[in-house]
Amino acid sequence: MDKYYSKKALILKAVYCFCLPLFHQLVTAHNVSLLWGFGSFVLIGCMYTVPMWISLIYMHRYPTYRIGRYVLFDLLFCFAPAVLGSIVYEIASQFADASALNGFYTLLIFFIFLSVSGVFWLLYMLVGRHNRP
């Protein structure tokens, strides 16, 4: 389990999560339909779960007593970089077009990723409680 939370793995997770909002903007670049916008947010939410699914699988295979450490690492290396990536995108888009975004995108990304993270943190608690060594 510690191999997945090594320094190299945490940096890789942070870069992946940082790039998710930028990838989302590439996917939705010129499509303005409401259905495509909703689908793209579902897609980005599913992509955000990949590092957490891996953590959950490892927690199931290698039981642990404390899950607080894993929640903290996910908060610092998944959630924070993803929200920071959306902030960086919005700041950069303000230079290109002053009326492009007004903070709503970052707020939406924040709540989507917080909801997804919260569900996985609850799953961590359940798996951690039932798989103690």
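**Entry: Gly85**

I began with the partners of Gly85: leaving aside neighbours within four places in sequence, Gly85 is in contact with Phe18, Pro21 and Leu22. This is a predicted model, so I read everything here as computed. Gly85 sits in helix H4. Is Gly85 buried or exposed? With a relative accessibility of 0%, Gly85 counts as buried, because the cut-off for buried is under 20%. I also looked up the distance to Leu20: the two C-alpha atoms are separated by 7.5 Å, while the residues are 65 apart along the chain.

**Entry: the salt bridge**

Next I went looking for salt bridges, and the count came to one. The side chains that meet in it are those of Lys13 and Asp74, at 3.1 Å from N to O. Lys13 belongs to helix H1 (residues 7-27) and Asp74 to helix H4, so the pair ties together parts that are 61 residues apart in sequence. I checked the accessibility of the two partners as well: both Lys13 and Asp74 are buried.

**Entry: H2 against H3**

Then I turned to a helix pair. Helix H2 covers residues 34-48 and helix H3 covers residues 50-61; they pack at an angle of about 35°, and their axes are 4 Å apart. Which residues make the contact? From H2 I noted Cys46, Met47 and Tyr48, and from H3 I noted Val50, Pro51 and Met52. Sorted by kind, the residues of this contact come out as six nonpolar, no polar and no charged.

The loop between H2 and H3 holds Thr49. Thr49 has 13% relative accessibility and therefore counts as buried, the limit being under 20%. Beyond its neighbours within four places in sequence, Thr49 is in contact with Val116 and Phe120.

**Entry: Ser40**

While on H2 I looked up Ser40, which lies in that helix. Its relative accessibility is 3%, so Ser40 counts as buried. Not counting residues up to four places away in sequence, Ser40 touches His24 and Thr28.

**Entry: a nonpolar patch on the surface**

I found a nonpolar patch on the surface, formed by Leu84, Ile87, Val88, Ile91 and Phe95. Together these residues have about 490 Å² of accessible area.

Ile91 has its place in helix H4, which spans residues 68-96. Ile91 is partly exposed, with a relative accessible area of 47%. Phe95 is found in helix H4 too. How exposed is Phe95, and what is its relative accessible area? Phe95 has a relative accessible area of 73%, so it passes the limit of over 50% and is classed as exposed. I also took a distance from Phe95 to Gln25: they are 70 residues apart in sequence and 16 Å apart in space, C-alpha to C-alpha.

**Entry: Arg66**

Arg66 has its place in the loop between H3 and H4. Arg66 is exposed, at a relative accessible area of 67%.

**Entry: the whole chain**

I left the overview for the end. How many helices and strands does the chain have? I noted five helices and zero strands. Read from the N terminus on, the elements run α-α-α-α-α. Along the principal axes, the C-alpha atoms fill a box of roughly 55 × 30 × 20 Å.

For burial, I noted that 38% of the 133 residues in the chain are buried. The chain exposes about 8200 Å², and carbon and sulfur atoms supply 74% of that area. Finally I looked at how far contacts reach along the sequence. Among contacts with a separation of 6 or more, 76% come from residues 24 or more positions apart.

Conventions: Residues are numbered from 1 along each chain as its sequence is written. This is a predicted model: local features need pLDDT of at least 70, side-chain atom pairs count only at pLDDT 80 or more; totals for chains, interfaces and linings use all residues. Side-chain values use heavy atoms; hydrogens and water are left out. Axes are lines fitted to C-alpha atoms, for helices over the stretch in contact, and angles run from 0 to 180 degrees between N-to-C directions. Helices (H or I, at least four residues) and strands (E, at least two) are DSSP runs, numbered from the N terminus. Contact means heavy atoms within 4.5 Å. Ala, Val, Leu, Ile, Met, Phe, Trp, Tyr, Cys and Pro count as nonpolar, Asp, Glu, Lys and Arg as charged, and the others, Gly among them, as polar. Patches are made of residues with over 30% relative accessible area and no salt bridge: like charges are joined within 9 Å, nonpolar side chains (Val, Leu, Ile, Met, Phe, Trp, Tyr) within 5 Å. Accessible areas come from the Shrake-Rupley method with a 1.4 Å probe; for residues, only the protein chains shown count as cover. A salt bridge is a side-chain nitrogen of Lys or Arg within 4 Å of a carboxyl oxygen of Asp or Glu. Buried means under 20% relative accessible area, exposed over 50%, partly exposed in between (1.4 Å probe, protein chains only).
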